[in-house]
Amino acid sequence: MPSGQTGMSTGSREAAILGAHEAPYTRHPAPGRDTLALLREAVLGALADAGLDVGEVDGLGVASFSLPPDHTIDLAWRLGLKLRWVMEDPHGGGSGVNLLQHAIRAIEAGDAETIVLCAGDNLDRDAFSSLVRNYNRATAEHLAPLGFEGPNAVFAMLTQRYLAAHGLQPADLGCIPVAQRAWAAGNPGAVYREPLTIEEYMQAPLVAAPLRRLDCVPVVAGADAIVVSARGRSRAGAPEVGIRATAAVHNHDQQQGDGWHTGFSEIAPQLWAAVGARPEDVDAAFLYDDYPVMALAQAVDLGLLADGDVQRWLHATLLEARWPLNTSGGQLSCGQAGAAGGTHGLVEAVRQLRGAAEGRQVDCSLALVSGYGMVLYRHGACHNAVVLERLG
Amino acid sequence: MSGEPGRSGVAGTSAEPGGSLDLRIPECEGCGLAVWPPRLLCPRCHCDRWGEREAAHGTLEEACELESSGVTFGTVRLDAGPVVVVRCEGAQPGDGVHLTLEDGALTARRRSGSELPDNS
């Protein structure tokens with residue numbers, strides 16, 4: 001099984017995350033706030049957060065659907081960076097953790113000293129429409145001719161399968177967007193912050209039954225970035241964030257399964273063994289929430305539900321006890337800034353672990369972040385996860 | 001279509017101008033696995049040689065109407081094996097369906113009584 005772990009090995013080159021920043025998400029970006037400007041803002045913000053200078057950067061990784069025809073090297077040139085390490089990841093919701101997995105190795109191997117990983121998009125209506133119809137060959141050749149307008153239709157059917165298999169009602173899944181909206185109230189960067197009730201959730205217009213408007217991430221413009229370097233190099237005075245372990249599996253079911261038996265169930269045992277902790281030891285989780293059902297399926301498959309009681313976790317743990325899942329409000333409240341969705345959870349996890357989550361701070365020393373994505377034909381093909389810890 | 005993994009799976013048996021084609025899909029010559037959409041290597045045995053088989057029948061497992069366009073999408077489990085995404089024309093979940101390719105759109109219609117096997 002494809003996987004990796006940083007393990008507990010010690011050494012001067014053990015990687016850490018030193019800074020994080022999100023260029024604020026917005027539904028209607030101001031003129032000039034194009035993809036390149038958003039990426040610049042995220043890169044500069046993350047470096048400032050780490051207390052490092054732009055001139056120290058010698059590695060750059062990018063995820064952006066709207067960067068072409070430019071690539072990482074073009075962005076680096078526009079940023080005036082001289083680099084030893086370049087990386088680009090087109091895997092959408094899987095890109096953030098995937099880039100991090102590569103960056104950790106580069107730092108530990110000595111291929112780079114200071115890496116910035118950034119992700120962002122400003123997709124207007126036409127660009128978004130073109131993106132979802134031409135996401136890959138399978139989509140362009142086999143879904144677009146059906147009248148495919150994006151993944152809502154296939155995730156509606158996935159959600160139908162999940163509800164039927166678990167005896168749940170659509171309102172049960174509403175616990176996720178409603179609970180995340182309560183977190184968003186404390187996040188000035190969330191696009192949607194007004195309180196939400198289950199009743200209001202159920203009154204939202206249908207998109208594709210059973211999915212309603214509040215099950216579908218709104219398209220926003222924005223960017224995220226993190227700084228990866230060796231432990232002890234931060235000059236910001238804030239705690240650094242260590243990487244306990246990563247794990248990944250892609251194409252686990254060749255697009256032939258039900259979609260809610262995710263690849264995370266295959267990687268969870270080795271992930272937790274490498275972490276040296278149990279799922280219940282995690283203080284907060286940042287799971288890729290393109291749809292509520294996927295956040296739930298990931299939580300189950302990664303072992304967060306100790307007793308497996310989905311109903312209780314949704315209503316008692318998330319909604320009533322406010323267990324910290326996606327404390328930014330997640331993409332369901334912040335929006336999806338294209339490929340930045342794959343890095344959004346990493347940025348929020350770093351903020352929580354460093355005590356920088358103003359307005360929504362939880363007691364957090366160990367955090368789980370997942371990446372999920374590339375809706376290849378029927379559901380996501382990429383699955384990866386990382387467990388992060390506060391150092392010092 | 002041996003060794004031709006691309007669109008050659010989109011072959012039909014009732015081609016006529018403006019008409020529809022019964023679905024035929026690639027079948028691995030190594031292990032017999034049928035796939036849709038077409039692949040480069042068999043996901044089971046990694047063979048690169050492909051034949052073709054009839055795949056016009058299946059069962060509609062789920063359907064949903066996209067409110068914005070009125071198009072109804074469906075998930076069909078083909079009798080030949082693969083689970084595919086279709087455009088539904090009148091069929092309901094649980095129905096046996098007949099699959100055709102219409103201008104590249106895989107379309108599922110409820111099978112008429114004469115098409116249904118004896119045990120259904």
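Student: Which residue comes after α3(A), and is its phi positive or negative?
Tutor: Gly110(A) follows the helix, and its phi is positive, near 85°. This is a predicted model: local features need pLDDT of at least 70, side-chain atom pairs need 80 or more, and totals for chains, interfaces and linings use all residues. Residues count from 1 along each chain, chains are lettered from A and ligands numbered from 1, both in written order, and side-chain values use heavy atoms, without hydrogens or water.

Student: OK, where does α3(A) run, and what does it span?
Tutor: Helix α3 of chain A covers residues 95-109. Helices are DSSP runs of H or I, at least four residues; strands are E, at least two; both are numbered from the N terminus. The 15 residues of α3(A) reach 21 Å from first C-alpha to last. That is close to the 21 Å expected at 1.5 Å a residue (1.5 Å times one less than the residue count).

Student: Why is α3(A) called largely enclosed?
Tutor: Because 11 of its 15 residues are buried (under 20% relative accessible area, 1.4 Å probe, protein chains only).

Student: Which ones?
Tutor: Among them are Val97(A), Leu99(A), Leu100(A), Ile104(A) and Ile107(A). Ser95(A), Asn98(A) and Gln101(A) are on the list too.

Student: Switching to strands. How many residues of β9(A) are buried?
Tutor: 9 of its 10, so count β9(A), residues 241-250, as mostly covered.

Student: Which strands does β9(A) join?
Tutor: β2(A), residues 15-26, is joined to β9(A) by 2 bridges. β12(A), residues 380-390, is joined to β9(A) by 9 bridges. Strands pair when DSSP finds at least two bridges between them.

Student: Parallel or antiparallel?
Tutor: β2(A) and β9(A) run antiparallel. β9(A) and β12(A) run antiparallel as well.

Student: Which residue in β9(A) partners Ala16(A)?
Tutor: Gly242(A) is its bridge partner. On the β12(A) side, His250(A) stands opposite Cys382(A).

Student: What about Glu22(A): buried or exposed?
Tutor: Glu22(A) lies in β2(A). Its relative accessibility is 7%, so Glu22(A) counts as buried.

Student: What does Glu22(A) touch?
Tutor: Set aside its neighbours within four places in sequence. Glu22(A) is then in contact with Ala223(A), Asp224(A), His344(A), Val347(A) and Arg351(A). Contact means heavy atoms within 4.5 Å.

Student: And how far is Ala42(A) from Glu22(A)?
Tutor: In sequence, 20 residues. In space, 5.6 Å, C-alpha to C-alpha.

Technical notes
Buried < 20%, exposed > 50% of the residue type's maximum accessible area, 1.4 Å probe, protein only.
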